[in-house]
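This report covers a single protein chain.

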Amino acid sequence: MADKRLLYMEDDPDMATLVKHRLSKQGYDVAIAENGRVGLDMLLNGTSDFDVVAIDVEMPELDGLSVVRTLSESARELPPVIMVSGVSDLSVAVEAMRLGASDYVVKDAGHSCPELLPSILDRAMERADLVRQKRRAEEAFQWLNAETVSIVQSAGEGIIGLDQECRARYANDAALRITGYRREEILGNDLHMLLHGSHDPDPDHGHSREECPACRMAKEGGKMRVLENQFARRDGEIYSLEMTVTPLEKEGKPHGAVLVMRDVTDRLKVLEDLRNSRHRLAVAQRIAHIGNWEHEMTTGKEWWSLETACILGITKDTDKHGPLKNRIHPDDHPLISKMLERLKRDNDENSVQEMDCRISRPDGETRIIHLRARLSPGEGGRPKRLSGTAQDITERKQMEDQLKQAKREAESANRAKSEFLATMSHEIRTPMHAIIGMAELLSETRLTGDQARYVDIFRHSGETLLDLINDILDLSKVEADQLEVDRVRFDLDELLDSITDIMGLRAVEKDILLLTHIGHDVPTFVWGDPSRLRQILVNLVGNAIKFTDQGEVSVRVGFTPNDLTPTEGHFRFSVTDTGIGIPNSKLESIFQAFTHADSMVTRRYGGTGLGLTICQRLVELMDGSIAAKSVPGQGSTFQFEVPLDIDEGASPREQDLLPDLAEIRVLLQTDSQASRKILPDMLVGAGATVVVVESHDAFVEKATAPGEIFDAIVLDSAEPFPGMATLAYARRLRARPGFEEMPMIVLDIGPTRKERKIAKQSNLKLHEKPVKRVEFVQSLGKLLGRFVTPVEQKPLPGPTSRVVLDNAHTRVLEEMEPDILLALDSDDGAFLLSNHLRPIAHTLDRAESGKSALSMCRRESYDLIFIEARLPRMDGYEVAREIREMERRENREASRIIILTASIIPEERRRCFESGGDALLVKPVKKAAILEQVMCWARALRDKDE
């Protein structure tokens with residue numbers, strides 16, 4: 001239950017509610033009066049007694065000063081009064097104290113006011129009690145008797161009686177408790193020395209004996225005084241006292257004094273904390289260069305913090321310099337008016353408006369400030385107070401302008417770079433378009449087996465080179481982290497075969513063994529981005545071959561299933577070589593752009609050092625990781641792991657293409673460490689049992705051992721026996737008894753035509769390295785009579801590059817014979833596209849520039865128009881735009897416009913459709929894509945006729 005009664009006169013209901021809530025927790029029973037007249041009536045005419053009264057200065061009907069004045073004029077003894085003001089005004093404080101107020105507190109001390117108010121109220125009540133007790137003490141000393149001593153002894157404040165020499169003649173229990181002395185240590189002793197003596201570490205805390213007000217009053221008399229000072233307790237602890245010194249007189253002459261003391265250490269600490277908070281706020285404003293301000297709407301008075309004055313360039317009393325609005329640049333006054341209108345319209349204290357404006361400082365300098373303001377409504381919803389902050393943002397604005405300029409310059413440089421890259425892309429991809437396209441055309445002609453393989457390698461190599469060109473030319477994508485990965489279905493076996501085709505010739509030229517292998521437990525049909533995987537593997541294998549002078553390079557694929565998701569797994573790709581190796585100190589830096597392990601490596605082997613960086617970025621883009629380990633002089637292994645989805649619906653490749661080699665025993669002789677691991681696993685995957693030997697003696701011993709029966713022999717050594725090549729030894733072995741009909745395969749790197757002829761004459765199967773798993777197992781199966789449909793006659797399920805025109809489309813094309821215009825400046829490109837269009841009946845015209853193409857379209861209409869994006873004199877987008885405008889103007893039938901570009905940036909697609917194009921094809925354009933556009937035109941024409 002509350003034991004302190006407070007009457008709080010406050011017209012702001014929010015403030016009243018906040019104070020009542022806070023003080024209730026401090027043991028106060030708070031009564032609220034909404035104005036001065038109501039509060040005065042409650043005090044003078046009410047039935048309740050209050051221990052303390054808090055009065056707001058500004059209130060309607062009767063303000064706080066008028067209330068205090070009325071109370072002081074009344075004859076009643078009233079509780080102590082605390083004045084509460086919204087503005088720190090010294091004149092108001094002085095007048096309030098003169099009229100009898102006990103203390104004065106400013107609401108605008110921030111949120112600390114409700115926290116500080118309890119201590120102020122307690123202090124007022126305690127001071128009133130002190131005054132009352134002081135009065136009782138005077139009476140006690142005047143009429144000293146047993147009863148008065150008892151009263152003094154039980155007082156809460158310390159009371160000490162002094163004689164004229166400032167010696168203590170009386171001390172109550174509270175005084176002993178406050179000072180820490182025993183009664184016998186105080187009585188009869190010099191109180192000044194006890195409180196200000198040797199315990200005081202700082203002489204400034206007190207006075208000399210001659211200057212001590214208490215000593216002087218005890219000796220000379222005078223008026224009652226209230227003092228505050230620091231003293232030392234008996235144990236040396238420094239504390240603060242508030243003392244009331246009342247002189248005593250006897251027969252009109254000084255006769256000593258009475259000290260009533262109160263420990264105010266905690267209260268002063270609160271005040272010190274408040275001062276420190278204000279100081280920290282001022283420092284924070286100075287550091288942030290943000291000041292605050294207030295404007296009274298009714299009186300026009302304005303208050304600025306010191307930092308606000310500093311921002312405005314004011315160093316003297318701000319009231320002499322007019323309101324803040326006068327400092328705003330005249331051209332920005334409309335902004336102030338609009339901000340104020342928005343605040344009045346919202347009429348919500350939580351609504352904050354902000355703006356940037358210029359100010360004119362007294363020194364003539366113009367600065368830019370950022371203003372934030374909110375409007376506090378008063379009685380009846382009328383605006384009462386406008387408050388806010390001001391921040392000097394001149395330097396920030398200048399920096400923003402500099403950044404905008406730098407951004408414009410960077411964008412200009414970026415456009416120049418993009419234009420350069422687009423030009424280079426056009427110049428490089430245009431001949432690549434012809435190279436790959438011609439390889440595609442050549443693959444459709446009648447070729448020998450070797451020629452078909454050469455063309456296939458030719459095409460695969462061109463596509464790989466194109467992938468590399470895409471990344472190298474599109475540097476902006478790498479820098480901006482805009483690389484993307486596709487998700488398509490592909491075959492891992494086919495991917496590794498393409499790596500063998502592409503890199504096999506390099507390995508043969510350096511007489512290096514290249515091996516690729518997929519574990520027989522690894523799913524082969526998966527979903528992912530085969531182009532990116534191929535790019536990574538080509539880069540890693542290319543590096544391995546480049547830095548290996550002798551020995552071998554092997555590529556292995558492993559698999560770790562995902563226990564939670566059976567259709568997902570992590571696939572490990574490892575590329576191992578027997579090359580020069582990498583020092584351990586350089587392993588961490590090899591994935592940095594333009595970095596080689598040694599400068600000698602750059603001079604000897606060449607290269608930009610960009611490949612591994614691109615590999616790392618691509619692997620990370622696929623949510624994978626890449627790492628390297630190496631032993632200098634012995635070789636290196638690069639391994640990366642990426643997650644791929646498994647295509648469960650596809651049949652395993654082995655079931656479709658590999659013969660069943662169950663119960664087949666194969667003797668494999670090889671001196672290659674990698675071959676001893678990879679080649680047996682290829683055959684084991686098809687069901688065979690493989691016995692591996694390394695040396696000549698071990699081979700002879702195993703091949704001729706009694707009871708050892710082998711169904712086939714595989715020889716894989718460059719020179720397995722001293723002075724004799726593998727093919728020569730195989731011919732000799734063929735002549736030995738028991739080996740005349742033995743199925744025998746000789747693995748060789750780059751066999752000559754003569755060697756192939758010799759092998760055929762000796763009934764030997766000469767299999768060229770690098771070894772592909774499917775071809776190798778099929779070769780052995782064919783020798784053993786376990787032949788299956790060849791790969792070329794039984795294509796795998798999946799995407800195909802051939803376009804088949806159905807009968808309906810063929811009839812439409814035969815009947816209509818579409819008129820086609822090729823607007824290309826490259827003769828090779830025009831020749832290639834015209835050959836792609838040969839399967840259909842058509843008429844064909846060609847224009848070599850944009851102007852020429854537009855002139856031809858004005859003379860006659862075309863069904864399909866293929867336009868190069870970069871044409872001389874007028875680019876393809878301008879031509880398409882003009883054609884569409886002409887068709888609308890002349891009410892022509894719309895042509896199908898296909899734009900060909902060498903650029904792969906997304907901006908090209910937007911430009912294509914904005915100019916009126918129907919499709920955008922990126923070079924190199926394959927035959928399938930060209931015929932698909934013709935089919936689109938045919939379908940649209942057929943649908944229109946139907």
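Asp 623 lies in the loop between H20 and strand S21 (625-631). Helices (H or I, at least four residues) and strands (E, at least two) are DSSP runs, numbered from the N terminus. Asp 623 is not a glycine, yet its phi is positive, about 60°. The residue comes just after H20. Its relative accessible area is 65%, so Asp 623 is exposed. Buried means under 20% relative accessible area, exposed over 50%, and partly exposed in between (1.4 Å probe, protein chains only).

The model is predicted: local features need pLDDT of at least 70, side-chain atom pairs count only at pLDDT 80 or more, and totals for chains, interfaces and linings use all residues. Residues are numbered from 1 along each chain as its sequence is written, and side-chain values use heavy atoms, with hydrogens and water left out.

Glu 61 is another residue other than glycine with a positive phi, near 70°. Glu 61 sits in the loop between strand S3 (52-56) and H3. Its relative accessible area is 60%, so Glu 61 is exposed.

H20 spans residues 611-621. Its buried residues include Gly 611, Leu 612, Ile 614 and Leu 618. Thr 613 is also in H20. Is Thr 613 buried or exposed? Its relative accessibility is 14%, so Thr 613 counts as buried. The C-alpha atoms of Thr 613 and Ile 590 are separated by 8.0 Å, and the two residues are 23 residues apart along the chain.

Which helix crosses H20 at roughly 145°? Helix H18 (residues 530-546) does, and the two axes come within 10 Å. Axes are lines fitted to C-alpha atoms, for helices over the stretch in contact, and angles run from 0 to 180 degrees between N-to-C directions. H18 passes H20 in a left-handed crossing. A crossing is left-handed if the near helix is turned anticlockwise from the far one by less than a right angle, and right-handed if clockwise.

From H18, the contact uses Arg 532, Gln 535, Ile 536, Asn 539, Leu 540 and Asn 543. From H20, Gly 611, Leu 612, Ile 614, Cys 615, Leu 618 and Val 619 take part. Contact means heavy atoms within 4.5 Å. By class, this contact has seven nonpolar, four polar and one charged residues. Ala, Val, Leu, Ile, Met, Phe, Trp, Tyr, Cys and Pro count as nonpolar, Asp, Glu, Lys and Arg as charged, and the others, Gly among them, as polar.

**Two further helix pairs**

Two packed helices are described by the angle between their axes and the distance between the axes.

| Helix pair | Angle | Axis distance |
|---|---|---|
| H3 (residues 64-73) and H4 (residues 90-98) | about 15° | 9 Å |
| H29 (residues 850-859) and H30 (residues 876-890) | about 15° | 10 Å |

That makes H29 roughly parallel to H30. Angles under 35 degrees count as roughly parallel, over 145 as roughly antiparallel, 65 to 115 as roughly perpendicular and the rest as oblique. H29 passes H30 in a right-handed crossing. Gly 850, Ala 853, Leu 854, Cys 857 and Arg 858 of H29 meet Val 879, Glu 882, Ile 883 and Met 886 of H30. By class, that contact has six nonpolar, one polar and two charged residues.

H3 and H4 are likewise roughly parallel to each other. H3 passes H4 in a left-handed crossing. Leu 65, Val 68 and Arg 69 of H3 make the contact with Val 92, Glu 95 and Ala 96 of H4. The classes here are four nonpolar, no polar and two charged residues.

**A glycine in strand S20**

Gly 569 lies in strand S20 (residues 568-577). With a relative accessible area of 3%, Gly 569 is buried. Leaving out residues up to four places away in sequence, Gly 569 touches Phe 559, Thr 560, Pro 561, Asn 562, Val 642, Pro 643 and Leu 644.

**The whole chain**

The chain holds 32 helices and 32 strands. Of its 946 residues, 47% count as buried. Among contacts with a separation of 6 or more, residues 24 or more positions apart account for 62%. The accessible surface comes to about 48,700 Å², of which 50% belongs to carbon and sulfur atoms. Accessible areas come from the Shrake-Rupley method with a 1.4 Å probe; for residues, only the protein chains shown count as cover.
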